[in-house]
Amino acid sequence: MESARLQHLIPAGCVLLLAAAVTYISFTQEPADSFLFPRIISMAFILLAGWNFIRAAAGMAKVGGGISKATAMNILPGLVVMIVFVFWAAKGLGFYVASTLAFMTIYSLYDPVPFSSVRDWIKRIIITGAFMCVIYGLFSMLLQVQTPRGLFF
Amino acid sequence: MEFLGYFGGVFEPVAMMLLLGGTIGGLILGATPGLSPTMAVALLIPFTFHLSATQGLILLGAAYTSTVAGGAVSAILLKIPGAPANIATALDGNEMAKRGEGARALHLSFLASGVGGVIGVLLLIFLTPVLAQWALKFGPSHLFWIAILGVTVIGSLDSKSFVKGLLSGCIGLWLSQIGYDEILGTERFIFTDALTGGIHIIPALIGLFAIPQVLDMISKGRDKSAIDTIEVPQHSFMDSFRELVASTRALSIGTVIGSVIGLIPGVGGQIAGLVAYDQTRKFSSQKEKFGTGHSEGVIAAESANNAMVGPSLVPLLTLSIPGSPTAAVLLGGLLIHGIFPGSDIFDKHPEVVWTFINSMLIGQILMVIFGIYTAVWAAKIARAPMPIMAAGVVVLALFGSYSVQQSMGDVHIMLVLGVGMFVLEKFGFSAAPLVLGLILGPIAGDYFTNGSMIAAAQDGPWAYFFTGGLNMVLIALVVASIAYSFWTNMIVGSPSPSPSPSPSPSPSPSPSPSSPSADDAKAGEAK
């Protein structure tokens, strides 16, 4: 019960901090006319965030099951792949190479088939290749999107 | 009858190809558990960026219509509703499939969807211009209140907790204010260079709708559970057609309820399906058969959830208030083409709007034809393993968000918003009000600034924004939407913390055949 309350309290606190920051910036920045509408938003924002925080602190916030440790651990590898892609690999390695690696890594990480099977690795490579060919056809050939090139493609 | 003059645009080769592609693709995406119609439409928006406004809207409209209907395929054959709107369909549809009547259930489902959908689009055709004429009387203060009403209605109705729903709306409104203020030429809330141009709608939509679903998919880890499919023996289409004609009551109840619910902003297809199912059972002489594989249950649910599609666009096109989360994404699709929904949309862009609406009418017919003949194939494709779906959606999201402005900043924003939304959703926040705040924020802000300038020359802001009959009605509606949600949340009782049957890649949604509640409906609609 206590851990459930704490689980709700942390995001409620983060939202309250965000609301406080938005309110502070809205009321301290100039010109005032430009921040008139944000000030109205921030008033509603901080009132609701405060109410939400009080409800969470009182243990009245029950909607939403939170994130269990098992869920967090399951998500973590996939999330790391996405973060590495977005903040480094896409520009460092090249958009297509990084995307291919991201697809292959996420697919392999969550594929229940054992890693020892050579046949399944070949299947993964073929599916990844086929999918990336479709993506290349759609974005580079059809939509003429110029992707960042890093070390590779 | 102005719309009749714009049918030609639908039959142009490119438009027809997009309509066909959107319909077939939508059926497959709709049949895929874990991919909601909202996410499907959000992922398609980057492609429309490279098309003309009419072509883009044809693609999005076809996808919207057919993903809702396609969700019935997995609801019937896999007992996993492809979309929240198909939960009621699974109650009887899967029982029919288990008895070897899967083809009959699919025929009835698509025929009922088609009838409901056509009537819904006809309502859209005849109601929208009337409402648009009425909306011509609105000034900046009214339009400001209408934009705020859009956020409060979705925030109040489309969330399990009204405080968190409204908070989501506030976060969206704040996000919409980030960037350069074009009227006064100042920077607002720009913390990094990536935010200088503000938050673009498309990467935000992709992040807010696609990334949380991917994280949901992978949250089960290396899930070994397999989805059992049911063999589908052949069934005479004409027999199904005769059965539909004989089930006039279920079809009428479903269509009427779906159409009415579609007109109410923020309610959505899931509630339409469940309410229609419940009411059809109450009026049926064979109440006891509901939940055991009764065809009327499928007909009522499917006619309702497709009948709401057309009417959900009435408030969107005339007042900028989307009737459902997917309609909110469509609003984003309109805005990126420079089309601002409102009272003058039929004067400024008649060709775009009427061709779009007509394409939805033709799309309903295509959806029935392709749905009936490709449903079993769609179910097979939809069984693609979860890791492939998750990896595929991630790569599509990365390319889709990058392609809009060819900017890595957009990809960063997409991922940050997506991960943030996933965490917020786990604590009861909802993506739909946040998206609506993000979309309606600039509109509300502009009307507020314009209204303030007019007010400065007249009797001041208080008199301008808070007096006058129409202002008072709109303010009353804003207050009523919040009060209603407060009443249902706080006075009647808090919704259950455990989610109800909702579309998920898990093979056991186990929708109960017992009376579906509105709280159940609201819990899953957040997706």
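## A loop residue to start with

You'll find Phe189(B) in the loop between strand 2 (186–188) and helix 8 of chain B. Its phi is positive, about 55°, even though Phe189(B) is not a glycine. Most residues other than glycine have a negative phi, and most peptide bonds are trans.

Keep in mind that this is a predicted model, where local features need pLDDT of at least 70, side-chain atom pairs count only at pLDDT 80 or more, and totals for chains, interfaces and linings use all residues. Residues are numbered from 1 along each chain as its sequence is written, while chains are lettered from A and ligands numbered from 1 in the order in which they are written.

Gln406(B) is another non-glycine residue with a positive phi, near 50°. This one sits in the loop between helix 17 and helix 18 of chain B, and it counts as exposed because it has 11 C-beta neighbours inside 10 Å.

Over in chain A, the peptide bond between Glu30(A) and Pro31(A) is cis, with omega about 0°. Pro31(A) belongs to the loop between helix 1 and helix 2 of chain A.

## Chain B as a whole

Chain B has 22 helices and 2 strands (DSSP runs numbered from the N terminus: H or I of at least four residues for helices, E of at least two for strands). Of its 527 residues, 63% count as buried. Take the contacts between residues at least 6 apart in sequence: 80% of them in chain B join residues at least 24 apart (a contact means C-beta atoms, placed from the backbone, within 7 Å).

One pairing across the sequence is Ser52(B) with Val352(B): they are 300 residues apart along the chain, yet their C-alpha atoms are separated by 9.3 Å. Ser52(B) is in the loop between helix 2 (37–48) and helix 3 of chain B, and counts as partly exposed because it has 13 C-beta neighbours inside 10 Å.

## Helix 2 of chain B

## Helix pairs in chain B

Helix 3 (residues 53–77) and helix 14 (residues 325–335) of chain B have axes that come within 11 Å and cross at roughly 170° (axes are lines fitted to C-alpha atoms, for helices over the stretch in contact, with angles from 0 to 180 degrees between N-to-C directions). The two helices are therefore roughly antiparallel to each other (under 35 degrees is roughly parallel, over 145 roughly antiparallel, 65 to 115 roughly perpendicular, and the rest oblique). On the helix 3 side, Gly56(B), Leu57(B), Leu60(B) and Tyr64(B) meet Thr326(B), Leu330(B) and Gly333(B) of helix 14.

Helix 3 of chain B also crosses helix 5 (residues 102–135) of chain B, at roughly 160° with the axes coming within 10 Å. That makes this pair roughly antiparallel. Among the residues of helix 3 in this contact are Thr65(B), Ala69(B) and Ile76(B), and helix 5 brings residues including Gly102(B), Phe110(B) and Gly117(B).

Around the loop that holds Gln406(B), the axes of helix 17 and helix 18 (residues 408–426) of chain B come within 7 Å and cross at roughly 135°. Helix 17 and helix 18 of chain B are therefore oblique to each other. Their contact includes Tyr402(B) and Gln405(B) from helix 17, and Met408(B) and Asp410(B) from helix 18.

## Where the chains meet

Between the chains, 53 residues of chain A are in contact with 53 residues of chain B. Helix 2 of chain A gives the largest share of chain A's side, 11 residues. That side divides into 36 nonpolar, 12 polar and 5 charged residues (Ala, Val, Leu, Ile, Met, Phe, Trp, Tyr, Cys and Pro are nonpolar; Asp, Glu, Lys and Arg are charged; the others, Gly among them, are polar).

Helix 4 of chain A has buried residues including Phe95(A), Phe103(A) and Tyr110(A). The buried residues of this helix pack against helix 3 and helix 5 of chain A, together with helix 8 (201–218) and helix 17 (386–405) of chain B.

Conventions: Two residues are in contact if their C-beta atoms, placed from the backbone, lie within 7 Å. A residue is buried if 20 or more other C-beta atoms lie within 10 Å of its own, exposed if 12 or fewer, and partly exposed in between; C-beta atoms are placed from the backbone.
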